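Visitor: I am new to this structure, and I would like to look closely at one part of it, the aromatic side chains. Please take me through them slowly.

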Amino acid sequence: MSDNTIEKFAIGQSVSRTEDPRLLRGNGCFTDDFSLPGQAYGYVFRSSYAHGVIKVLDVAAAKSAPGVLTVLTAMDLEAEGVAPLPCRLAVKSRDGSELVKPLRPSLATGRVRYCGEAVAFVVAESLALARDAAELIEFEVDTLPAVTDAREAMRADAPQLHEEANGNQALDWEFGDGAEVDRIFADAHHVSNLTLRNNRVVVAAMEPRAAVGEFDADSGRYTLHVPTQGVFGFTNVLASEILCVPRENLRVMTYDVGGSFGMKSAPYPEYAPVLVASKHLGRPVKWCDYRSDSFLSDQHGRDSWAEASLAFDLEGRILAGRVVSYANLGGYLSAVGPSMSTRNIPRNFPGVYRLPVFNARSHAVFTNTTPIGAYRGAGRPEGVYYMERLMDTAAREMGIDRIELRRRNIISTAEIPYDAVSELTYDSGDFPAVLDDALAAADWEGFDARREASAAKGMLRGLGIGCYLEVTGPPAKEMGGIRFEDDGTVTMVSGSLNYGQGHAATFAQILTTKLGIPFDRFQLLQGDSDELIAGAGTGGSRTVISAGTALLHAAEEVIEKGRQISSHVLEAAIEDIEFEVGTFRVVGTDRAISIMDLADSLRSGISLPEDAPQSLDAELAEDTPPSAFPNGCHIAEVEIVPDTGVVRVGRYVIVDDFGTLINPMLVEGQVHGGVIQGLGQALMENTSYSEEGQLISGSYMDYVMPRADDLPDFVFASHPVPAKTNPLGAKGCGEAGCTGALPAIMNAIVDVLARENGVTHIDMPASSERIWSALRGRSAA
């Protein structure tokens, strides 16, 4: 393989995703595309009540309906030993008590706690017959009052969802010394305060959730075909903690995944019934959610209130910060529970600034709504949004230019490594340079001329900035495997999982650079739990850091094995074997063999000593490197139509530090997608419930999402400072777009409102109605 070919596909090159041609031709295989001979079809009967005691659940008529094979209820699952869905978060309240974890059954028993909760699972010869039969289920509920807002749920007169959660609180968590922050605030020159709404969003992945279950009676083994974010950990939880069977009695297979954003990472209530039904019937069972049901049953994202504060001295330097949040959990704990509003707030609120003292308190509260889980960023966008809205507010209140205020508080390169108040150490970064690059790319100084040009057209123009630093997912056990196949291809095995990130190309670039193997020889295996020995899954912007590093280390094992094998093939001492550009060579001679020719020789059966490696294959599982600190600066310009309040994001500048960019094109695409999701939350997406707990934004007729014509013109630039905590120097990029977008866009809108009408805050989503009302000094819901 020539140096030029390696260069074309090496680390740092923009290489197209290898799966795209297959997907564009319609040859993808998503879970609903997968079918098995003789499969039956499942349909989930869900509660139409948000809160109440189940008085009657009679499925006899449904069971006798034409084509119906079985109808499962909670009693059937209990008979099979199915356990409740777990929340694995280990966290304590400030008084030392454990997180309250009420039981969450796969199918409701005794009481329903949110509209859409699964009650029964109907299986028939066709989906239509299953749906028809579900209409015959007799379901009577003594309804109870519902509560859908976290703050209201804490009131003394609020309806109680779980007896063990007094005042509906699962957790009263605290970080830092609240008394010290009180003292600093009392003595500070200035304190800025904001109450901020982090609106609830529907995840709305392109592919609805689906599952195909089968059971082999001879082996006693289940197989579940299902979209996930990583099959290894998913299998462990579903087998050991829900089905209560040995892990070897469950195989999980994931194919193409049409988006997830955190939502498909853990088992859901529907999966155990699918598998139990397949066992009872002796045939496969297939289930796929309808989009309308997905709005009710897929975990939602965000949903919290925060009271955020910053204290400053006379020179405008930050003295201390505080965030008190009220996090909506929904009717039950999701797999990650309230992690978004606990540990991820102190990790991400400080950002790129010197924050000497910080106190966070989080009230995690049950409500009669769909459970809340991780959604792109999972607490990172929240923490940064609170800080950046406060920075603009403080600058306005103290009469300091908002860029100058940031410069006074930003961490300099001389302070790196920096021990942050989050108890983490920033190992790398040039935050002032990133800010400068963004200001230059956005032509910040030329904004007044653009504002005047907009005014001449009858438009209001605003300018917003969002500086961020976020913390990637914590370390975990990850797998790296490399297999040299009989057909001359090389299989990369990873415990991560691709659902749009482009792992196959990215990993192949790492290994092409390291091993000199042609890029097109690589294929990727991730979605079969039988093939994995570990796996952290994909999430927390850590895949290149964790899975990329594991594969890099596996490649080093391949090289070491290759040196030992080639020493016999080339008849030289192992100390004399060097490896470079895909070739093993005897130092100082022309005796050499390429790595692919060596693999061919091994397949042909060359004779090697018993103590020598018999193949080049490598497989390992290791603890991944620590979290990294991607950072950047986003600058947004908006135009608002004053007569209607309609807002459009016109210019959008991004300067990021993601460390080493393995594939700059894919990185930019990830950032664009994150910005668009942030734009959606900032301007239009909002999940709304009635007083009775009914979802009133339950379809795309009522729930607004960004369209192509809502997207801004992007300017993307990079100021990479490689991380020092992993051998690739990578920092992670998957969630940063969303993190930077929320404050940049909202600060731009408030820039207009403050100038036009003295309005210094507006909550997300900044809909046209809300903006129109704010411009006229009115409040809007």
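**The aromatic rings**

Guide: Trp173, Phe175, Phe349 and Phe358 form one aromatic cluster, where rings of Phe, Tyr and Trp (its six-membered ring) pair if their centres lie within 6.5 Å, and planes under 30 degrees apart count as stacked, over 60 as edge-to-face and the rest as tilted. This is a predicted model, in which local features need pLDDT of at least 70 and side-chain atom pairs count only at pLDDT 80 or more, while totals for chains, interfaces and linings use all residues. Residues are numbered from 1 along each chain as its sequence is written, and side-chain values use heavy atoms, leaving out hydrogens and water.

The structure holds 21 aromatic pairs. In one of them, the rings of Tyr114 and Tyr332 have centres 6.2 Å apart and planes at 80 degrees, so this pair is edge-to-face. Because Tyr114 lies in the loop between strands S4 and S5, and Tyr332 in the loop between strand S14 and helix H11, the pair ties together parts that are 218 residues apart in sequence; helices (H or I, at least four residues) and strands (E, at least two) are DSSP runs, numbered from the N terminus. Tyr114 is buried at 3% relative accessible area, and Tyr332 is buried at 1%, where buried means under 20%, exposed over 50% and partly exposed in between (1.4 Å probe, protein chains only).
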